[in-house]
Amino acid sequence: MLKPSKRHASIGIIGGGAAGLVTALTLQEAGFPVHVYERHKDFSQNRCSWLAGGMIAPWCERDASERAVIERGKEALQWWPEHYKETRCRGSLVLSSQHDRHEIVRFARRSEAFDYLEGEDLAALEPALEGRFQEGLFFPQEAHLDPRKALLSLAWLLEQQGGLLSFGQEVSPRDIAEDIVIDCRGWAAHPEMPRLRGVRGEMIRVRSYELNFSRPVRLLHPRFPVYIVPRGEGIFMVGATSIENAYDGPVSVQSAYTLLEALQRLHPAFGEAEIIELNTGIRPAFPDNLPDVEQHGRLFRANGLYRHGFLLSPWCARQVKEQVMAYCGEMA
Ligand SMILES: Cc1cc2nc3c(=O)[nH]c(=O)nc-3n(C[C@H](O)[C@H](O)[C@H](O)COP(=O)(O)OP(=O)(O)OC[C@H]3O[C@@H](n4cnc5c(N)ncnc54)[C@H](O)[C@@H]3O)c2cc1C
């Protein structure tokens with residue numbers, strides 16, 4: 001059978017999470033007609049991308065990841081502002097209490113591209129933190145976004161550019177009529193991907209009427225690191241646990257306690273904040289915690305984005321595009 005050429009190949013993408021939508025736009029911009037199939041009736045039922053922090057933080061993520069995350073993650077710092085105008089390029093801040101100062105030292109040794117800040121400089125960046133921390137690391141090149149608004153915006157862009165997005169379509173690769181199939185089902189693909197494991201991540205959203213932050217803040221702790229990501233209008237996403245199982249049941253008392261206790265350590269005024277959401281997502285991960293693209297004839301599987309769905313999806317989508325173009329006989 002002749003392989004379809006780039007000019008004629010149509011592409012069906014399964015899954016409308018970060019991986020599916022970023023891949024769809026990347027292939028569409030390379031000239032392919034794309035159709036995304038999403039099983040849920042809207043994005044709000046997604047159990048991973050919808051719940052993410054949305055930090056585009058390659059240098060901070062180096063703390064718990066391979067060096068490859070920095071190089072691959074840098075692509076996202078260009079891709080997201082080009083495709084989602086509300087991407088906030090304001091850097092991120094890393095703090096620890098004086099008692100856990102060794103954590104800042106350890107973090108700094110593993111990372112790069114940061115400025116070391118002392119008390120007054122910290123307060124200048126985030127006035128709400130005045131007088132609370134004596135030192136911190138500022139990563140000026142990092143960015144963040146609201147995943148919920150970003151998914152909606154990518155879907156709008158895809159459709160504006162002639163792509164199709166069908167909700168309420170639970171499909172398997174063999175159901176797809178298009179020439180090429182891209183499987184971006186995240187954790188749901190695990191029955192067909194034995195290498196994939198699920199990593200439970202619990203998060204909380206709170207609303208504070210007193211506090212205002214401009215950028216993500218990570219509070220280091222040897223056992224209970226926590227981060228907050230400001231969403232505007234007093235809303236903060238607080239995350240996240242990382243538990244090595246794929247149980248997607250409700251947030252446990254222990255996890256809620258840990259996240260909320262750490263939040264109050266960041267600022268006692270969070271004690272008065274309202275809890276507006278507790279939720280659990282399952283991150284899809286390969287053994288090396290890096291994403292990968294597998295090819296089986298006309299089927300490509302892009303998965304394993306782990307804690308880096310927004311950070312590494314532009315890199316992963318580019319891998320898909322290059323493999324699809326090679327398959328079509330037209331190398332990029
Ligand atoms: C609490 C938490 C915080 C996080 N914070 C960050 C962060 O700050 N920065 C970052 O970069 N990453 C973060 N992540 C990681 C990121 O969320 C994931 O890596 C990413 O969402 C994975 O995207 P995905 O598209 O592969 O999977 P998903 O988001 O799970 O998308 C898969 C989609 O496929 C659909 N689907 C499944 N089966 C079918 C089928 N048969 N037919 C049709 N559709 C189907 C699903 O409904 C779903 O919408 C976080 C994750 C969690 C849980």
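Residues are numbered from 1 along each chain as its sequence is written, and side-chain values rest on heavy atoms, with hydrogens and water left out. In this predicted model, local features need pLDDT of at least 70 and side-chain atom pairs count only at pLDDT 80 or more, whereas totals for chains, interfaces and linings use all residues.

The protein chain is assigned domain 1 (11-51 + 146-196 + 287-327) and domain 2 (92-140 + 197-285), with bounds that come from an automatic or database domain assignment. Taken over C-alpha atoms, the centres of domain 1 and domain 2 lie 29 Å apart. Where the two meet, 17 residues from domain 1 and 19 residues from domain 2 take part in the contact, which means heavy atoms within 4.5 Å.

The size of an interface is often given as the accessible area lost when the parts come together. Here, about 1500 Å² is buried between domain 1 and domain 2, and carbon and sulfur atoms give 51% of that area; the value is the accessible area (1.4 Å probe) that two parts lose on being put together, summed over both.

Polar links also cross this interface. Seven residue pairs, both members at pLDDT 80 or more, are in polar contact between domain 1 and domain 2; such a contact is a pair of N or O atoms within 3.5 Å, where within protein one must be able to donate a hydrogen and the other to accept it, and residues adjacent in sequence count only if both atoms are side-chain atoms. One salt bridge is found across the interface of domain 1 and domain 2, the term being used for a side-chain nitrogen of Lys or Arg within 4 Å of a carboxyl oxygen of Asp or Glu.

The whole structure holds 24 salt bridges. Glutamate 277 pairs with arginine 148 in a salt bridge, their closest N and O atoms being 3.0 Å apart. Another joins arginine 106 to aspartate 63 at 2.6 Å, N to O. Lysine 41 and aspartate 42 form a salt bridge at 3.9 Å, N to O. Of that pair, lysine 41 is exposed at 63% relative accessibility, while aspartate 42 is partly exposed at 27% (buried is under 20% relative accessible area, exposed over 50%, partly exposed in between; 1.4 Å probe, protein chains only).

Turning to the cysteines, the count of disulfides (pairs of cysteine sulfur atoms within 2.5 Å) is zero. Cysteine 89 is too far for a bond because its closest cysteine sulfur, in cysteine 60, is 15 Å away. Cysteine 328 is likewise in no disulfide, with the nearest cysteine sulfur, that of cysteine 184, 16 Å away. Cysteine 89 is exposed, with a relative accessible area of 51%, whereas cysteine 328 is buried at 8%.
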